[in-house]
Amino acid sequence: MGKVLLVNGSPHKNGNTAAALKIMEKELHEQGFDTFWFQLDEKPVRGCIDCRNCVSGHRCVFQDDRCNELIESILEADAVVIGTPVYFAGPSGALTALLDRAFYAAANFGQLFKGKPAAAVATCWRAGATPAIDRINKYFTFSQMPVVSSEYWNGYLGPDDSFGIGVLKTLAANMADMLRK
C-alpha cells in the first residue's frame, strides 16, 4: 500500500526515540503499510552555510555526512515520521543540522517533498517535547507536506508512558488513514 520512512534522530539505535518509532511501526504494519528506517549515526553533521550549490541539483554539496542519503530516503517514501530526542528544549542538534540542509536543498528550491504526509515525534523526560515537535513541523509546512496529528502532542516518555503509547498508535493510524486517501 505504501512505504513510511521512520527517521531516528537519535544516535542511539535502541533508545527511547527508536522505541517510540517502533510503536508506530507496529501499528503501521498492522494497517498494511511497509516501513524503512533512516538512523542518525554518531558521526559529526555539518550545518548549512547557504552556499546555494543546491539550487540546481537539489542536493547538498557536502558529501561527508548522510544529508543526501536522507533526501533520497524521503523521496523514496510515501510518508515520513521524524523522531527526535530532546536534550535541551528542541530537536537534537545533529538532527536539526541535517534537516536544515536536506530541506533547504530539496524544498527551498524545488518542493521535492510536496504532498508527502509527515509527522514529528519527540522523546524526553519532562519538558521540551512541544518546541521540538513545532520545529520539525516547520520543515513539513514549508515543504507543503501535510502534517499528521494525533489526539495530543506526539511526545513519548518511555516504556511506562501508556498515554504516550496511545498517542503514538493513534498517530500511526491517522498516518495510515491519510495515506489511504
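Student: Which residue stands opposite Val7 in β2?
Tutor: In this predicted model, Val7 faces Phe38 of strand β2.

Student: And how do β1 and β2 pair, parallel or antiparallel?
Tutor: Parallel. Strand β1 covers residues 3–8 and strand β2 covers residues 34–39, with six bridges between them. To get from β1 to β2, the chain passes through helix α1, residues 16–30, and this β-α-β crossover is right-handed.

Student: Switching topic: how much space is in the largest pocket?
Tutor: About 150 Å³. Its lining has 13 residues, and Tyr152, Trp153, Gly155, Tyr156 and Leu157 are the ones nearest the centre.

Student: Which element gives the most to that lining?
Tutor: Helix α6 does, with three residues. The elements that supply at least two each are α5 (129–142), β5 (155–156) and α6 (162–180).

Student: What classes of residue make up the lining?
Tutor: Eight are nonpolar, three are polar and two are charged.

Student: How many aromatic pairs are there, by the way?
Tutor: The count is five. One of them joins Tyr152 and Trp153: the ring centres are 4.7 Å apart.

Student: Why is that pair called edge-to-face?
Tutor: Because the ring planes stand at 75 degrees, and planes over 60 degrees apart count as edge-to-face.

Student: Is Tyr152 buried, partly exposed or exposed?
Tutor: Tyr152 is partly exposed, because its relative accessibility is 44%, and that label covers values between 20% and 50%.

Student: Which residues do ring pairs link into a cluster?
Tutor: Phe103, Phe113, Tyr139 and Phe140 are linked that way.

Key. Residues are numbered from 1 along each chain as its sequence is written. This is a predicted model: local features need pLDDT of at least 70, side-chain atom pairs count only at pLDDT 80 or more; totals for chains, interfaces and linings use all residues. Side-chain values use heavy atoms; hydrogens and water are left out. Two strands pair if DSSP finds at least two bridges between them. Helices (H or I, at least four residues) and strands (E, at least two) are DSSP runs, numbered from the N terminus. A crossover is right-handed if, with the strands pointing away from the viewer, the path from the first strand over the helix to the second runs clockwise. On a 1 Å grid over the protein atoms alone, a cavity is a set of points where a 1.4 Å probe fits but cannot get out, and a pocket is an open set with protein on both sides within 12 Å along at least five of seven lines; lining residues have an atom within 4 Å of a point. Grid points are joined across faces, edges and corners, and a volume is the space filled by probe spheres set on the points. Ala, Val, Leu, Ile, Met, Phe, Trp, Tyr, Cys and Pro count as nonpolar, Asp, Glu, Lys and Arg as charged, and the others, Gly among them, as polar. Rings of Phe, Tyr and Trp (its six-membered ring) pair if their centres lie within 6.5 Å; planes under 30 degrees apart count as stacked, over 60 as edge-to-face and the rest as tilted. Buried means under 20% relative accessible area, exposed over 50%, partly exposed in between (1.4 Å probe, protein chains only).
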